[in-house]
Amino acid sequence: MVRKWILNALYAVIFEHAYSNLYLKQNLHQVKEKDRKLATQIFYGTLQNYRYCEAIWKQHANTKQKVPLKIKILLTMSVYQMLFLKKVPSYAIIDEAVEIAKQTKVHTAGFVNAILRKVEKDPSLPEQDPQHSLALRYSLPDWLIKMWIHQYGEQKTEEIAKASNASLPLSIRRNLIDTSEDEIRSLSVMELLQDPIYLYSGGAIYENPYYSQGKISIQDAGAYEIVRFLDPQKEERILDTCAAPGTKTMAIAERIEGIGEITALDLHAHRVQLIENDIERLHLHNVIAQQQDASDLEGFGLYDRVLCDVPCSGYGTLSRKPDIKLEMKPEDMDSLIPLQYKILEEGAKHVKYDGILVYSTCTLNKKENEKQIERFLKAHNDFEKVDEKTLFPTSIHNGFYMAKLKRKEDVHEKHL
Ligand SMILES: C[S@@+](CC[C@H](N)C(=O)[O-])C[C@H]1O[C@@H](n2cnc3c(N)ncnc32)[C@H](O)[C@@H]1O
C-alpha cells in the first residue's frame, strides 16, 4: 500500500530526523514503479505544507485528546491530499486513511474518520492576523516571516514565502569538457535554461547513463550563478574552502576545462569523500580534495580566486529541503555567524594581489550576508567590493547571496 509507505517515510524524516532526499534515494525503490511519482509528490508536498495541513485538522480536534505521532502524520498527509491532489476524491483518501489507522493504532480509526469528514466539510482556516496567516499559508514559522518583512519588505517576503513552497524542477549541468550542446539537445528530456544548465524531466537521474558517465550533474540554476559570479579562468589556482558535496567545485573545474588547479576543502571526512566520488565520476584530474578546517588555513599558499561558500541557515533552499522547515528554530538562525566570518577572514589571507574572493550563502538573512561583508570591509581596507547580489528563490531555483571582493594592495607579507 503506497500511502502506508509514505506514512513511514514521513515518520522517518519528522521523528527520526532522516534527510528527505537521502531517504527517497535509498528507499523509493521499495515502491512499485508506477506509484513512485505519486509517492514522491505526497511525501514532499506533505513536508512542504506540514504546518498548514496540520492546523486545518487540529481545529476540528479536541485539544485535550492525546493523538499518537503516527496518526498525527497520517491526518496531516491526508489533509494534504484532500487539498492539493485534485484528481483523487476525498472519500477515497479518507477510506484509505481509516484503513491505515486500523493497521497502525486500531482504536484511532473512528477518530481519523471523524476528523477527516469534518475537514471535507470545512477545509478553511478562520481569519488570522496577516503575518500569521502568511506564515501558516506557506507553512513557515512566524518569526521567519517577521524577520523577512523587516529585512526585505512585505512584497518580497510574500514572493520568497511562495517560492519556498514551490515544487522545483530538477536541473542539471552539462559537462563543458566532454559533452556538446548538440549531444544534450538530442536527449528529449532536457530543456535549456541557460547553457550549461538544463531542466531535466527524465525520471531517476542516478540511473541515467549520462549521469554515471559524467556527462551531466545535478545542479541548481541559482547555485550555478555563484560559479559564473566567481568567473574562474583557465590556468588559475583556485581555492574552494567549504566545498562538499562538490557541486560548485566540479562546475568550476568544467568551466576552466580542466586547465588550472582547484583545491577543495571540507571539515568533514565523509563529505570530502563525496567530492572524491564526483572527481572520479567526472574524470577530473585537476581537483584535489582535502579534509581541512577552513577557519585555519595555515600553510596554504596564495590563490587567484578563493570561494567561501560557507555553512549557513539555508533559508534560500526551503523548497528543495522542506525538512529544514520542520526543524528551524530562531535561536539557530544566527548561530553560524562567527564561524562564517572566521572562514571569510581566513580565506582572505590566501587571495593574491589583484585576486578575487567570493563569499556566498544559500540563505536569506542579511546578518549572514550583507552585514558580514560590511564588517569585513571595515576591518580590511586592502579589499574592495566589486559586486554583490541576492538571488531570490523562484519556482525554478533556490535563493542565494554572493559578494565579490578584490584584493587591491600587496600586503601579503603582513598576513602570512
Ligand atoms: C553550503 S555547504 C557547501 C556546498 C558546496 N560548496 C557545493 O556547492 O556543493 C557548506 C559546507 O561547509 C562545510 N563546513 C562546515 N564547517 C566548515 C569548516 N570549519 N571548514 C570547512 N568546511 C566546513 C560543511 O561540511 C558543508 O559541506
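How many helices and strands does the protein have? The protein has 20 helices and 11 strands, where helices (H or I, at least four residues) and strands (E, at least two) are DSSP runs, numbered from the N terminus. What stands above is a predicted model, in which local features need pLDDT of at least 70 and side-chain atom pairs count only at pLDDT 80 or more, while totals for chains, interfaces and linings use all residues. Residues are numbered from 1 along each chain as its sequence is written.

We can begin with the overall form. Along its principal axes, the C-alpha trace of the protein spans about 75 × 45 × 35 Å. For 416 residues, a compact globule would have a radius of gyration near 22 Å, and the 24 Å of the protein agrees with that; this radius is taken over C-alpha atoms, and the globule rule is 2.2 Å times the number of residues to the power 0.38. The domain assignment, which is automatic or comes from a database, gives domain 1 (2-121), domain 2 (130-164) and domain 3 (221-415). Between the C-alpha centres of domain 1 and domain 2 there are 25 Å.

Two percentages describe the interior of the fold. Of the 416 residues, 41% are buried, a word used when 20 or more other C-beta atoms lie within 10 Å of a residue's own, whereas exposed stands for 12 or fewer and partly exposed for what falls in between, with C-beta atoms placed from the backbone.

The ligand is the next stop. There are 19 residues around the ligand, and Cys242, Thr247, Lys248, Leu267 and Ala294 come nearest; a residue is near a molecule or strand if its C-beta atom, placed from the backbone, lies within 6 Å of it. Helix 14 (247-255) and strand 6 (261-266) each supply at least two residues of this shell. By kind, the shell divides into 10 nonpolar, four polar and five charged residues, where Ala, Val, Leu, Ile, Met, Phe, Trp, Tyr, Cys and Pro count as nonpolar, Asp, Glu, Lys and Arg as charged, and the others, Gly among them, as polar.

Cys362 sits in the loop between strand 9 (351-361) and helix 19 (370-379). Is Cys362 buried or exposed? Cys362 counts as buried because it has 27 C-beta neighbours inside 10 Å. If its neighbours within four places in sequence are left aside, Cys362 is in contact with Cys312, Gly314, Gly316, Thr317, Asn398 and Phe400.

The peptide bond from Asp195 to Pro196 is cis, with omega near 10°, and Pro196 belongs to the loop between strand 2 (190-194) and strand 3 (197-200). A cis peptide bond also leads from Ala244 to Pro245, with omega near 5°, and Pro245 lies in the loop between strand 5 (237-240) and helix 14. His17, although not a glycine, has a positive phi of about 60°; its place is the loop between helix 1 (2-15) and helix 2 (20-27), and it counts as exposed because it has 10 C-beta neighbours inside 10 Å.

Note on methods: Two residues are in contact if their C-beta atoms, placed from the backbone, lie within 7 Å.
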